[in-house]
Amino acid sequence: MKMPKEKITVKNKTKTLIALFVVLACSLTSIVGLHAATKNPIDYSSVFDAGYYYKTYPDLQQNIGNDPSTLLDHFITIGMKEGRSGNASFNVKAYMANNLDLLPLYGARDLSRYYIHYITSGQTEGRASTYPVGSEPPAGTLSTYSTVYDTTEDRAVNVELAAARINGMVIEPGQKFSFSNSVGTRTRANGYVVAPSFASGRVVSSVGGGICQVSSTIYVSMLLAGIAPSQRYAHSLPVDYVPKGLDSAIVEGYKDLTFTNKFDFPIVINATTQEGVLTVSFLQQTEEPLSRPVNG
């Protein structure tokens, strides 16, 4: 016996509503599950203390207030990327300087990666997260890094000349720095000499050989200052003056080391040589420049 058409319609509608309810319930469960999965489960207590964070940064006192949850949210979304200190036991710049093997992995575009590394593995591994007592960089110093070279080799002339041409350069906010432009054309007339260099995986001799030690030292100091390169190339062979992955090859007209000053203040690059030690420092300019601007 056939059911009335009206009852069939009601029954179908009921089934449809039940099916929609099941789909909606499953969707809500998936959304809640996704939210729970993406809700940050990381324990930031090893790198963050709300009271310390509030007292250290006046801009937070003015704009956020002393609310622990809001301060933590700022630290996670903004502060770590900017390299801010969340407590006295973790300094991201010190962590980077103490653990150079992390620089090729994480670079300087997002400093929060170093915090996460320390939280998830670095602390357990016993990695140093602060500067040794008495070795903290002076105020206004963004970074310092040194490499050594043999003063008896021909390449020493090129290292010292390139460093001298970089030393004291000022890069204004938004301005681009080019290593190749700054050190000038590599010719004998420009003061450079023939010395060993790399080309296509071979050791060759070229005018200006050795200047890549200066660019590589600058590159490491850049990263330690939280400055990401806009252009940087690795050598075709390993170098012995910086750790693996931290070299910067220079080929005139082809390969360069460049960056743009993303800070809201001028940067001064000091590049000095003394008794076989090349030291590059990035400084925050706080007074009127006494040196020449960058030749970008």
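**The salt bridges**

Modeller: Arg84 and Glu82 are joined by a salt bridge in which the closest N and O atoms are 2.8 Å apart. The model is a predicted one. Side chains of opposite charge can pair when their charged atoms come close. Arg84 has a relative accessible area of 13%, under the 20% limit, and therefore counts as buried. Glu82, at 46% relative accessibility, is partly exposed.

A second salt bridge brings together the side chains of Arg127 and Asp101, with 3.0 Å from N to O. This pair links distant parts of the chain, 26 residues apart: Arg127 is in the loop between helix H7 and strand S1, while Asp101 is in the loop between helix H5 and helix H6. Asp101 is partly exposed, with a relative accessibility of 43%.

Arg232 and Asp247 also meet through their side chains in a salt bridge, at 3.4 Å from N to O. Both Arg232 and Asp247 lie in the loop between H10 and S6, so the pair ties together parts that are 15 residues apart in sequence. Arg232 is partly exposed, with a relative accessible area of 27%, whereas Asp247 is buried at 9%. Salt bridges that share partners also join Asp59, Glu82 and Arg84 into one network. In total, the count comes to six salt bridges.

The loop between H10 and strand S6 also holds Asp240. This residue is exposed, because its relative accessible area of 74% is over the 50% limit. Asp240 gathers with Asp150, Glu153 and Asp154 in a patch of negative charge on the surface.

Methods: Residues numbered from 1 in each chain as written. Predicted model: local features only at pLDDT ≥ 70, side-chain atom pairs only at ≥ 80, totals over all residues. Heavy atoms only, no water. Patch = residues over 30% accessible without salt bridge, like charges linked within 9 Å, V, L, I, M, F, W, Y side chains within 5 Å. Areas by Shrake-Rupley, 256 points an atom, 1.4 Å probe, with all protein chains shown as cover. Salt bridge = Lys/Arg side-chain N within 4 Å of Asp/Glu carboxyl O. Lys, Arg positive; Asp, Glu negative; His and termini not counted. Charge placed at Lys NZ, Arg CZ, Asp CG, Glu CD. Helix = DSSP H or I, 4+ residues; strand = E, 2+ residues; numbered from the N terminus. Buried < 20%, exposed > 50% of the residue type's maximum accessible area, 1.4 Å probe, protein only.
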